[in-house]
Amino acid sequence: MSRPEREFLNGFQKAALLTQQVRAFPPSYTSPRDYVRDVARLMLGTDDFVGRGLAAGCLSAVGET
């Protein structure tokens with residue numbers, strides 16, 4: 001597996017952990033779904049593969065792939 005592939009999967013894993021945390025401890029100012037969607041939108045424009053994996057994982061978690 002190449003380095004970019006590992007970095008992308010690392011980002012995807014971070015999204016899974018973030019989603020678990022947000023569902024367990026939801027923010028008081030927004031819904032967990034909106035929070036994860038906002039994180040994905042912030043990371044969409046990044047050039048690194050970890051950020052891209054994070055964005056893809058977050059979008060997958062909210063069903064917007």
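Let's start in a loop: Leu-44 sits in the stretch between helices H2 and H3. Helices here are DSSP runs of type H or I with at least four residues (strands would be type E, at least two), numbered from the N terminus. Before going on, know that this is a predicted model, where local features need pLDDT of at least 70, side-chain atom pairs count only at pLDDT 80 or more, and totals for chains, interfaces and linings use all residues. Residues are numbered from 1 along each chain as its sequence is written, and side-chain values use heavy atoms, with hydrogens and water left out.

How confident is the predictor? The score to look at is pLDDT, its confidence in each residue, from 0 to 100. The protein's mean pLDDT is 94, and 98% of its residues reach 70 or more. Among the elements, H1 has the highest mean (96) and H2 the lowest (94). As a rule, where pLDDT is low, the predicted coordinates should not be read in detail.

Back to Leu-44. Setting aside neighbours within four places in sequence, Leu-44 is in contact (heavy atoms within 4.5 Å) with Ala-55 and Leu-59. Leu-44 and Phe-8 are 36 residues apart in sequence, and their C-alpha atoms are 13 Å apart in space.

Now for Met-43, which is found in helix H2. Is Met-43 buried, exposed or partly exposed? Those words have cut-offs: buried is under 20% relative accessible area, exposed is over 50%, and partly exposed is in between (1.4 Å probe, protein chains only). Met-43 has 24% relative accessibility, so it counts as partly exposed. If you skip residues up to four places away in sequence, Met-43 touches Gly-51, Leu-54 and Ala-55. Met-43 and Leu-54 are eleven residues apart along the chain, with 7.1 Å between their C-alpha atoms.

**Helix H1**

Gly-11, Ala-15, Thr-19 and Val-22 are the buried residues to look for in H1. They cover an arc of only 85 degrees around the axis, so they lie on the same side of H1; the arc is that of the directions from the helix axis to the C-beta atoms. Turn to the other side of H1 and you find Arg-3 and Gln-20 exposed. The cover over the buried residues of H1 includes H2 and H3.

With 9% relative accessibility, Thr-19 counts as buried. Leaving out residues up to four places away in sequence, Thr-19 touches Val-36 and Ala-61.

**Helix H2**

H2 covers residues 32-43, twelve in number, so it should span 16 Å; its end C-alpha atoms are 17 Å apart, which agrees.

**The core**

Which residues make up the largest nonpolar core? There are nine: Ala-15, Val-22, Val-36, Val-39, Ala-40, Leu-54, Cys-58, Leu-59 and Val-62. H1, H2 and H3 each supply at least two residues of this core. A nonpolar core is a set of buried Ala, Val, Leu, Ile, Met, Phe, Trp, Tyr and Cys residues joined through side-chain atoms within 4.5 Å. In soluble globular proteins, nonpolar side chains tend to be buried together.

**Salt bridges**

The structure holds two salt bridges. A salt bridge is a side-chain nitrogen of Lys or Arg within 4 Å of a carboxyl oxygen of Asp or Glu. In general, side chains of opposite charge can pair when their charged atoms come close.

| Salt bridge | Closest N and O atoms |
|---|---|
| Arg-3 and Glu-7 | 2.8 Å |
| Asp-34 and Arg-37 | 2.9 Å |

Arg-3 and Glu-7 are four residues apart in helix H1, so about one helical turn separates them. Arg-3 counts as exposed because its relative accessibility is 58%, while Glu-7, at 22%, counts as partly exposed. Asp-34 and Arg-37 are three residues apart in helix H2, so they too are separated by about one helical turn. Asp-34 is partly exposed, with a relative accessible area of 30%, whereas Arg-37 is buried, with 14%.

Methods. The expected span of a helix is 1.5 Å times one less than its number of residues. pLDDT is the predictor's confidence in each residue, from 0 to 100.
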